[in-house]
Amino acid sequence: MKQGKAQAYVRQLCCLGLSKEIMLPELLRSLHSLIPSEDNFFAGLDQNYSPAYVLAEQFAFEALDIYLNQPAQLFTPEYNIRAVQWFTAHRVLPDFRILDQRFYQRDFYHLVMRLSNHHYALQGAVSQSGRIVGMVVLCRPPNQPPFNASHRQQFEQVLPYLDHGLQTARSETYQDYVDSGRSGLIILSRDGTVVS
């Protein structure tokens, strides 16, 4: 899929008003066409910026259990303060070492990231009403090149659409479709605007 088509698809996906349970897994899958990565995941954050839930493609179960159930072991208060300060001023964190020079020696890397073969990561903050509610994380293993400035720029351009997608997401997780005899069609232009 070409870059323009991939970007238009991601934008359209975020503008359909789907529930987050439907939108996020498809978004994670479709981001591979826009920014090549090995694995993508979304971490929903609670009011203390701790992970509340994770939607993942390939996250190792053991790593996911530690990430969700033992965040105090992984994230020191100092790291959390630096992360909040960073994401207050920036949408994307291109390298964990910006927040912690010794990141690759820490438990978080060895118990969570390395266990899932996540060496390089590009993190993007997702906001609602000015508050960070989640992180989209694109990951690559150590045998692939790190993300570059172009990837970061493309990711930054997509994040406002994801903000919108979560803001307008339907709350229902189950939709019962029945044959009502009615049908509909939405026609979108290439830039994702509704034509008719």
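Predicted model: local features only at pLDDT ≥ 70, side-chain atom pairs only at ≥ 80, totals over all residues.

I shall start with helix 1. Helix 1 runs over residues 3-14 and holds 12 residues. From its first C-alpha to its last, helix 1 reaches 17 Å, which is close to the 16 Å expected at 1.5 Å a residue. Its buried residues are Ala6, Gln7, Ala8, Val10, Gln12, Leu13 and Cys14. What covers these buried residues? The cover includes helix 2 (20-34) and helix 7 (149-167).

His118 sits in the loop between helix 6 (107-113) and strand 4 (120-128). Is His118 buried or exposed? With a relative accessible area of 1%, His118 counts as buried, because the cut-off for that word is under 20%. Leaving aside residues up to four places away in sequence, His118 touches Asp39, Phe41, Phe59, Tyr109, Met113, Cys139 and Arg140.

Finally, the largest pocket. The space inside the largest pocket is about 400 Å³. Of the 23 residues lining this pocket, Tyr49, Phe75, Tyr79, Asn80 and Ala83 are the closest to its centre. Strand 1 (39-45), helix 4 (71-74), helix 5 (77-89) and strand 5 (131-140) each contribute at least two lining residues. Helix 5 gives the largest share, with five residues. By class, the lining has 19 nonpolar residues, four polar residues and no charged residues.

Thank you for your attention.

Conventions:
Residues numbered from 1 in each chain as written. Heavy atoms only, no water. Helix = DSSP H or I, 4+ residues; strand = E, 2+ residues; numbered from the N terminus. Expected span 1.5 Å × (residues − 1). Buried < 20%, exposed > 50% of the residue type's maximum accessible area, 1.4 Å probe, protein only. Contact = heavy atoms within 4.5 Å. 1 Å grid on protein atoms, 1.4 Å probe; cavity = no way out; pocket = protein on both sides within 12 Å on 5 of 7 lines; lining within 4 Å. Points joined across faces, edges and corners; volume = space filled by probe spheres on them. Nonpolar A, V, L, I, M, F, W, Y, C, P; charged D, E, K, R; others polar.
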